[in-house]
Amino acid sequence: MTQNISGKKKKKKSLYRTRELHIMLLPAVLFITVFAYMPIFGLVMAFQDFKPLLGFGGSDFVGLEQFRYIFTMPSFRNAFVNTMIISFFKIILSILVPLILSLMLNEVTKSWFKRSVQTIVFIPYFFSWAILAGMILEIFAYDGIINNVISQIFGAEPVAFLVSNKYFRSIIIGSDVWKGMGYNTVLLLAAITNVDTTLYEAAQVDGAGRWKQVLHVTLPSILPMVAVLTVLGLGNILNAGFEQILIMYNPTVEKTVDILDTLVYRLGMTSHQYSAAAAMGLFKSIISLIFVGASYLILYKKSDYRVF
């Protein structure tokens, strides 16, 4: 009993010592509560024929009717397939490209060059898609930089990248990887610098060259960080970059880049089908939860790795 009382007193003293940190955390907690948790109650619309003038209490309950409606929509299948394809390549490349870049930078001996490259690749991460999308659209425009190079240097006809279903999806994926690779590169470089140097020394004694050291020391050591990035990426597998696609999107390429989020946007904001939009949002959340749970379980079973 005495130990419990003393433990509670120590806990109170610890909380009191860190009171400034808790106060600093309060705005973030309020922000998440208002914009992340309170809107959860609005999911009741997914099971109603929601009428804004009647509100949640006055709208008729229709059960799973809204889910049947969205699953039978002609555009749902196309949007779902596009979402999976775009998200899959974004997740894979957003890990693979920074991994290769971080391994290459780790081999650079000139610190000024390494810092310069890190800064250059990190810069796009700080810009919003409102800015970057404008730059990308100008670069790939019919009279943009890329087409000027194609026509003036190679003598070929300009390519309509922005209205071509053949190229536009690749532009969406590549630009997203380019924007985020600096952040992931820094994370992976930090993981590489924390690798125990005695492991490299032991590998050198065994006759391992630089490539063998990377393959048998560096990669296994940073595998937990790669696993964390993968799990976090799988949690967003049905997002596919709504803000990016909404800004760069045009009806000509709807066949290859129309995703669930843009479909939800059109249902809710353009067609005012709030219940159908809420049902599709709930469907996305459930699928994302399944992917995160499954990936976490696989990591735990196969490598005994815990994210939390």
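Me: Is Arg210 buried, partly exposed or exposed?
Reply: This is a predicted model. Buried means under 20% relative accessible area, and exposed means over 50%. Arg210 has 43% relative accessibility, so Arg210 counts as partly exposed.

Me: Which residue meets the side chain of Arg210 in a salt bridge?
Reply: The cut-off is a side-chain nitrogen within 4 Å of a carboxyl oxygen. For Arg210 the N to O distance is 2.9 Å, and the partner is Glu107.

Me: How many residues apart in sequence are the parts that Arg210 and Glu107 tie together?
Reply: Arg210 lies in helix H11. Glu107 is in the loop between H5 and H6, so the pair ties together parts 103 residues apart.

Me: Is Glu107 buried, partly exposed or exposed?
Reply: The limits are 20% and 50%. Glu107 has 32% relative accessibility, so Glu107 counts as partly exposed.

Me: How are H5 and H6 oriented to each other?
Reply: The axes of H5 (residues 74-106) and H6 (residues 111-122) come within 10 Å and cross at roughly 160°. Angles over 145 degrees count as roughly antiparallel. That makes H5 and H6 roughly antiparallel.

Me: Which residues in H6 do Leu101, Leu105 and Asn106 in H5 meet?
Reply: The crossing of H5 and H6 is left-handed. The residues of this contact divide into four nonpolar, two polar and one charged. On the H6 side they are Lys114, Val117, Gln118 and Val121.

Me: Which residue forms a salt bridge with Lys90?
Reply: The closest N and O atoms are 3.8 Å apart, and the cut-off is 4 Å. Lys90 is in helix H5, and the other residue is 86 residues away in helix H9 (residues 168-193). That residue is Asp176.

Me: What is the N to O distance in the salt bridge of Lys51 and Asp49?
Reply: Lys51 is partly exposed, at 39% relative accessibility. Asp49 is also partly exposed, at 33%. Their side chains meet in a salt bridge with an N to O distance of 3.9 Å.

Me: How many salt bridges does the count come to?
Reply: Among them are Lys51 with Asp49, Lys90 with Asp176 and Arg210 with Glu107. The count comes to six.

Me: How are H9 and H11 oriented to each other?
Reply: H9 and H11 pack at about 140°, with their axes 9 Å apart. Over 145 degrees would count as roughly antiparallel, and 65 to 115 as roughly perpendicular. The pair is therefore oblique.

Me: How many residues of the contact of H9 with H11 are charged?
Reply: Asn184, Leu187, Leu188, Ala191 and Ile192 of H9 make the contact with Thr218, Ile222, Met225, Val226 and Leu229 of H11. They divide into eight nonpolar and two polar. The charged count is none.

Me: Is Thr218 buried or exposed?
Reply: Thr218 sits in helix H11 (residues 210-234). Leaving aside neighbours within four places in sequence, Thr218 is in contact with Leu103, Ile192, Tyr200 and Gln213. The relative accessible area of Thr218 is 1%, so Thr218 is buried.

Notes: Residues numbered from 1 in each chain as written. Predicted model: local features only at pLDDT ≥ 70, side-chain atom pairs only at ≥ 80, totals over all residues. Heavy atoms only, no water. Axes fitted to C-alpha atoms, helices over the stretch in contact; angles between N-to-C directions. Helix = DSSP H or I, 4+ residues; strand = E, 2+ residues; numbered from the N terminus. Parallel < 35°, antiparallel > 145°, perpendicular 65-115°, else oblique. Left-handed = near helix turned anticlockwise from the far one by under 90°. Contact = heavy atoms within 4.5 Å. Nonpolar A, V, L, I, M, F, W, Y, C, P; charged D, E, K, R; others polar. Buried < 20%, exposed > 50% of the residue type's maximum accessible area, 1.4 Å probe, protein only.
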